[in-house]
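Good morning, colleagues. Please look at the structure on the screen while I discuss its aromatic rings.

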There are 2 protein chains.
Amino acid sequence: MRALTLPELRFEDRPDPVPGEGQLLVRVHAAGLNRADLVQRAGKYPAPPGWPADVPGLEYAGEVEAVGPRVTYFAPGERVMGLVGGGAMSELLVIDQTEALAIPEGMAYTDAAAIPEAFFTAWDAMVRQGRAAVSDRVLFHAVGSGVGTAAVQLARVLDLTIIGTSRTPDKLERCRELGMSHGVLTTDDDWPTQVGAPVNVIIDTLGAGVLDANLNLLARHGRLVILGLLTGRIAEHFDMGLMLRNRLGIIGTAMRSRPLTERALLVARFTEEILPHFERGLLRPVVDRVLPMADAARAYDVLASNTTFGKVVLAMDEQG
Amino acid sequence: MRALTLPELRFEDRPDPVPGEGQLLVRVHAAGLNRADLVQRAGKYPAPPGWPADVPGLEYAGEVEAVGPRVTYFAPGERVMGLVGGGAMSELLVIDQTEALAIPEGMAYTDAAAIPEAFFTAWDAMVRQGRAAVSDRVLFHAVGSGVGTAAVQLARVLDLTIIGTSRTPDKLERCRELGMSHGVLTTDDDWPTQVGAPVNVIIDTLGAGVLDANLNLLARHGRLVILGLLTGRIAEHFDMGLMLRNRLGIIGTAMRSRPLTERALLVARFTEEILPHFERGLLRPVVDRVLPMADAARAYDVLASNTTFGKVVLAMDEQG
């Protein structure tokens with residue numbers, strides 16, 4: 001099989017993987033691109049043990065080509081999507097059967113590949129890590145991203161009020177069309193004031209640069225869930241008194257490093273609680289553009305430019 | 001009735017409180033002294049709304065003297081103890097029936113008054129906020145305190161491994177006698193190394209001065225529960241990258257500011273899960289000394305001296 005390799009992102013030949021007990025062999029038709037892929041290419045986010053170290057790609061959509069012994073969840077020919085710790089940008093992929101989700105009927109592979117990372121991350125961050133409950137106010141930083149546009153739609157399904165931030169007015173406008181309650185431009189100095197009333201949950205991809213503002217925006221018992229650190233890693237003013245006074249929580253989270261058992265549990269819950277909403281058309285992946293996998297380097301540049309709205313997806317072939 | 005008043009801690013006459021619907025009138029025999037009382041006396045920790053602003057005391061043990069309408073939990077003559085938002089250092093106290101706990105059979109009021117704050121706080125911090133599970137490693141800072149000595153005993157009951165820190169070798173030795181697995185002197189520069197393997201939960205009363213060390217001591221998915229900030233409130237080096245990489249959580253918590261419904265729930269669970277262990281003798285309050293309530297000012301000085309092991313308790317009268 002062919003696989004894209006780091007750091008050049010050129011196709012190389014690799015041996016076909018063989019599915020073991022409980023595993024699926026998946027022919028990949030599309031792979032979503034993530035900011036974590038950019039960081040990995042820069043040498044700063046190595047793949048966790050057990051995943052290909054030099055083949056990027058954290059989510060895939062494809063067709064089951066073969067199955068190993070004791071597989072009961074899926075059969076050859078079925079269409080699946082899911083998260084992996086690495087290696088999605090290849091023609092063939094071996095995954096555990098408990099990690100795959102069925103692609104909703106009629107959905108293109110290039111749309112399906114835009115679901116796992118964005119919707120899993122948004123749902124897990126808001127509901128499971130952040131414990132957002134009905135009518136909670138949720139602040140979502142950099143809301144024009146894949147995970148942000150997923151969060152805006154999930155908020156509608158889960159009956160949350162979502163306030164998004166961006167540096168681009170156009171992204172806020174498009175998120176409003178997706179159902180966002182209220183948008184705030186972080187280029188305005190008084191953006192924290194514009195957020196309005198205190199929020200119960202903040203989903204943050206910005207990090208150190210907004211920590212102080214975030215903690216001050218949280219309501220009593222509020223939770224700050226950290227997904228990324230785009231503005232910096234080390235905060236030089238962390239008011240621990242606020243944590244005590246308002247009984248706040250800060251939670252660092254990442255999908256990629258989770259063990260298989262935890263990912264499988266997440267897949268089972270997501271399949272039950274969230275996946276049906278795609279079939280009913282209440283949720284849909286937001287795809288900025290689809291590029292051929294052979295043009296991966298260009299796709300990386302596009303994502304790095306911060307001009308995309310929603311996901312960038314790589315298509316393996318004409319079936320994409 | 002007489003009540004101690006802030007900041008002088010002298011008895012003053014106050015009108016007798018009257019129990020309303022669902023409330024108990026309690027004749028206080030003893031009140032535990034807490035570090036929060038010291039902070040309140042210094043003008044930095046005002047009582048939450050609904051509690052006496054100028055009468056200190058966050059926990060009491062006494063006898064039900066009268067009950068308001070619709071009281072079913074306790075009857076006059078029964079012995080009760082519990083947490084309050086303020087006002088425990090007075091002869092009479094009105095509390096909601098759902099907030100009181102029955103004093104274990106045969107236990108002196110001056111021992112009972114040492115239970116609520118220490119054991120509620122330690123239990124809530126370790127199990128409910130920190131989600132410590134069987135065989136987890138728990139690091140407890142300033143373990144010679146009332147809450148620390150409670151935590152050491154609770155760890156035995158809950159099958160947790162507890163590692164305590166102190167600046168005083170003698171306090172560590174006495175905690176070992178209570179069942180502590182391992183003690184570390186924070187006066188040693190290499191104390192973090194002495195903690196050994198990573199810990200799952202840290203209960204911290206020290207704050208900014210040890211934040212960096214704490215985060216580096218946490219295992220994957222570890223939780224730092226903040227109860228106090230004795231070494232400072234503002235941390236100038238908060239490595240948010242560690243939070244993400246190891247999926248850490250930081251939780252700020254405080255008992256006093258919780259609403260009645262939450263305190264009542266805590267009392268119900270504590271009554272079911274923890275209180276029986278006092279009756280079986282597996283848990284016992286550690287009382288450093290008992291002083292007359294009229295000597296409250298001296299008791300405050302004793303607690304501030306950091307030389308106590310376990311609780312300082314104030315006794316109202318000869319019945320204490």
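Rings of Phe, Tyr and Trp (its six-membered ring) pair if their centres lie within 6.5 Å; planes under 30 degrees apart are stacked, over 60 edge-to-face and the rest tilted. By such pairs, A:Phe120, A:Trp123 and A:Phe270 are linked into a cluster. Please note that the model is predicted: local features need pLDDT of at least 70, side-chain atom pairs count only at pLDDT 80 or more, and totals for chains, interfaces and linings use all residues. Residues are numbered from 1 along each chain as its sequence is written, chains are lettered from A and ligands numbered from 1 in the order in which they are written, and side-chain values use heavy atoms, without hydrogens and water.

Over all chains there are seven aromatic pairs. In one, the ring centres of A:Phe119 and A:Phe278 are 4.8 Å apart and the planes stand at 75°, so this pair is edge-to-face. A:Phe119 belongs to helix 3 (residues 116-129) of chain A and A:Phe278 to helix 10 (residues 275-279) of chain A, so the pair ties together parts 159 residues apart in sequence. Helices here are DSSP runs of H or I, at least four residues, numbered from the N terminus.

A:Phe119 is buried, at a relative accessible area of 1%; buried means under 20%, with a 1.4 Å probe and protein chains only. A:Phe278 is buried as well, at 6%.

For A:Phe120 and A:Phe270, the centres are 4.4 Å apart and the planes at 45°, so that pair is tilted. A:Phe120 is in helix 3 of chain A and A:Phe270 in helix 9 (residues 260-273) of chain A, 150 residues apart. Both A:Phe120 and A:Phe270 are buried.

Methods. Helix = DSSP H or I, 4+ residues; strand = E, 2+ residues; numbered from the N terminus. Buried < 20%, exposed > 50% of the residue type's maximum accessible area, 1.4 Å probe, protein only.
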